[in-house]
Amino acid sequence: MDFPPAPTASSVHGVKRGLDAEAMRQTILEWLVYSVGKDPAHATEQDWFTALALAVRDRLVDQWMATSRDAYAQDRKRVYYLSLEFLIGRSLTNSMANLGIRDACRAAMAELGVDIDTILSVEPDAALGNGGLGRLAACFLDSMATLGIAGMGYGIRYDFGMFRQRFDRGVQVEEPEDWLRHGNPWEFERAEASYPIHFYGHVEEVRDDDGHRRYVWFNTQDVLAVAYDTPVVGWAGKTINTLRLWRAEPTQELNLVEFNKGDYFAAVEDRVMSEKLSAVLYPADSHIEGQELRLRQEYFFTSASLQDILRRFKQDHARWDLLPDKVAIQLNDTHPAIAVPELMRLLMDGEGLAFDVAWEIARNTINYTNHTLLPEALEAWPVSLIQRVLPRHLQIIYDINARFLRQAARTPDTDDARLARLSLIDENGERRVRMGNLAFVGSRRVNGVSALHTELMKKTVFADLHREFPGRIVNKTNGITPRRWLAQCNRPLSDLITEAIGAGWEADLERLERLAPLAEDAGFRDRFIAAKRANKDRLVGYLDQVVGVEADPQALFDIQIKRIHEYKRQHLNILHTIALYNEIRDRPTANWTPRVKVFGGKAAANYVMAKLIIKLGNDVARVINHDPAVRDLLKVAFIPNYNVSAAEILIPAADLSEQISTAGYEASGTGNMKFALNGALTIGTLDGANVEIREQVGPDTIYIFGKTADDVRALKAEGYDGTGFIDRDPRLKRALDMVATGVFSPDDRDRYRWFVDTLRGPDPFLVTADFTSYHDLQTEVSETYLDQAEWMRRAVLNTAKMGWFSSDRTIAEYAREIWNAPGLGDLAAPEAAE
């Protein structure tokens, strides 16, 4: 192909702002030739991706800077979102969609003779998170920008993320997720924004010139936190906020003295020790070294973020009492809970404020989102570990605790047992600092993430603290951004919606309610089916390519994709799969509904049972998929390395969404919202946001089974075990016997003995108790799916009723009721040639 010449220097400035196809084409060529350094005739797919990404980035930089200038000029209150995870996925497709230039980019690349879909697939998912916590954080940043809130995310720039998952004969193998191998065209290094982070050492008490007691942290080991900024584009590109990630670097690149002695390892030891802080997400903490590294990681990014926040505040404000009026800090779970004593340290030791003054400021600036009711997930660090790594912070924690317990002791009917439960220090066994209690006591507001979760917080993990601070816990049900999770990932359906109700729903998801009457329109349902079929065809190709499973697009696509954990109960789904397999083999001529079961998710590297569940899923898939007796009636696929990009293929194609956690254990879930928004029906327990989804879509449009949270607590109080439930359901007993006797593991017939014994015994997450109602409801699902008119009527209603679950609604509630941080008002749709 003959390529036109690259643009001259005089033409560059204008085309970098142009949103039409010709301007995009010129800018892409300019970047390819003059920055990537490649002739178009010899450019690789990676070269074209880099050029396209940089061309798109050009279109947002001006507004990015304008957003920052506006925040300074108006002295707007800023919101800072601290999260150990930001699962942002690919940035190129998201930026093109939010800027409204997808079609222009597609046309430009086509004119250059390049397939844009191939180029878009080159971009790796940013390896900055693992599960719902990180994906929620990414949705929230999108909504803050869309609503015009002056917000900034803070996290860690991981070199290798959590891990890349592959399967070796069905066993999860963890490999480094080297997502930065080819660089990251979206980030801007800010070497001038670097801060010293202190560890270890000791603390000494001194007196200042006025005789006041002060504390000095001596002989510390220091690293530098260096900022890398990524723009976060709101819908229509009106507001562009920032995600600031921290990379750890040594304070001294090379110890030349040691180098010249010939001790080359000692010469670079500081670099090795510092860089591991930002190397990997969630290092294994089954040993003390891993626990120490994880604590240092959490403090590293929290301290850097708070230093950056206070620096920015001090540029325009001289009075520290104004900090809560100009700054809101949101802690995403307990990982950044060390922010409470760190902010106190910075205000007291750095700015000279008295404890009481600093405490009033800190407690009115910080807010805390809780994401779990599992006690083991509410971090509790050994006192000895904090004493060694962060000695000044332990002093401050002790001081906060002493003052808090003196106050709590004045509450009527408070005894020693209640004070022990309230204390920031757990004195049972090895003394530990309760980070959840610390975050609660040090926050202005503490929020749950679904109505049920918030009420259970008040009754369980934070019952005593709720009594002490009765107005502090509030609910903010999670949401998802419709830009990525419908407009971007599901073009067939989003185009149909726009055709049916008009544009603008992307920034006002409540408009989807206008689709509800169309559920009764056979013509609209047919078009809805066609959109779903297009997505299922895409998934069929993906399954064949990734796992070698050939699937029928007319089958019921039954999908469970989430972090692997016993409470999420992937094993309940697997046991139903085995039972269904048996029934098909027993009655091969029955009128079965063809079904494709798809699983995806990672298990923590040291979570043995979760990894065993993955192996079982793969073993079951291998047997079923190679059994000619079931033909195409049942297929099973376990997707390796599940991530955001995989979800963008899986979710639009789903017919049935598996949300089957043990009631009372899932805080909210957001996968349930994404599936329903894309027209999948939900089968699930009354857990997390499933409760609110049922309220929105109606009880006839969702499949609810199993024990309630109250039932679960009652059963456990009675001394529950699984044996009785297994004996009462022959389908379950048969499935477990097959697992136990090695039907799915002929090479190691005892492989799943522990798994089966756990279910026959304590069964901590009530898999056996819920199996019968789950299986029976799955039978109803199959029968309804055969009536495609009725199934699609319900599918349309699911999409139509999901407007309330937009993260824009969630963030607007945070802004009004927690942060007191208004946005910029009404938003317009992108003005672009779409």
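## The second largest pocket

In this predicted model, seven helices each supply at least two residues of the lining of the second largest pocket: α3, α4 (92–99), α5 (102–111), α6 (116–120), α22 (491–501), α23 (522–547) and α26 (644–653). The pocket has a volume of about 1300 Å³.

Its lining comprises 50 residues. Nearest the centre lie Arg90, Leu120, Ser121, Glu123 and Ser645. By class, the lining has 22 nonpolar, 15 polar and 13 charged residues.

## Helix α3

Helix α3 covers residues 45–73, 29 residues in total.

Just after α3 comes Asp75, with a positive phi of about 50°. Asp75 is also a partner of His317: their side chains make a polar contact at 2.9 Å.

## His317

His317 sits in the loop between α11 (288–316) and α12 (323–326). Its relative accessibility is 14%, under the 20% cut-off, so His317 counts as buried.

The side chain of His317 has a polar atom 3.0 Å from the backbone oxygen of Phe313. On the side-chain level, Asp75 is a contact of His317.

## The second largest cavity

Asp75, Phe313 and His317 are among the residues that line the second largest cavity. Other lining residues include Ala71, Tyr72, Arg76, Arg78, Tyr80 and Arg312. Asp316, Lys326 and Val327 also belong to the lining. About 120 Å³ of space lies in this cavity.

Three elements each supply at least two lining residues: α3, β1 (78–82) and α11. The largest share, 3 residues, comes from α11. By class, the lining divides into 5 nonpolar, 1 polar and 6 charged residues.

## The largest cavity

The model has 6 cavities of 30 Å³ or more. The largest holds about 240 Å³ of space. Its lining comprises 18 residues, with Ile88, Ser91, Asn94, Pro231 and Val232 nearest the centre. The elements giving two or more residues to this lining are α4, α7 (132–146) and β8 (221–233).

The lining of the largest cavity has 9 nonpolar, 5 polar and 4 charged residues. Helix α4 also contributes at least two residues to the lining of the second largest pocket.

Definitions and conventions
Residues are numbered from 1 along each chain as its sequence is written. This is a predicted model: local features need pLDDT of at least 70, side-chain atom pairs count only at pLDDT 80 or more; totals for chains, interfaces and linings use all residues. Side-chain values use heavy atoms; hydrogens and water are left out. Helices (H or I, at least four residues) and strands (E, at least two) are DSSP runs, numbered from the N terminus. The expected span of a helix is 1.5 Å times one less than its number of residues. On a 1 Å grid over the protein atoms alone, a cavity is a set of points where a 1.4 Å probe fits but cannot get out, and a pocket is an open set with protein on both sides within 12 Å along at least five of seven lines; lining residues have an atom within 4 Å of a point. Grid points are joined across faces, edges and corners, and a volume is the space filled by probe spheres set on the points. Ala, Val, Leu, Ile, Met, Phe, Trp, Tyr, Cys and Pro count as nonpolar, Asp, Glu, Lys and Arg as charged, and the others, Gly among them, as polar. Buried means under 20% relative accessible area, exposed over 50%, partly exposed in between (1.4 Å probe, protein chains only). A polar contact is a pair of N or O atoms within 3.5 Å; within protein, one must be able to donate a hydrogen and the other to accept it, and residues adjacent in sequence count only if both atoms are side-chain atoms.
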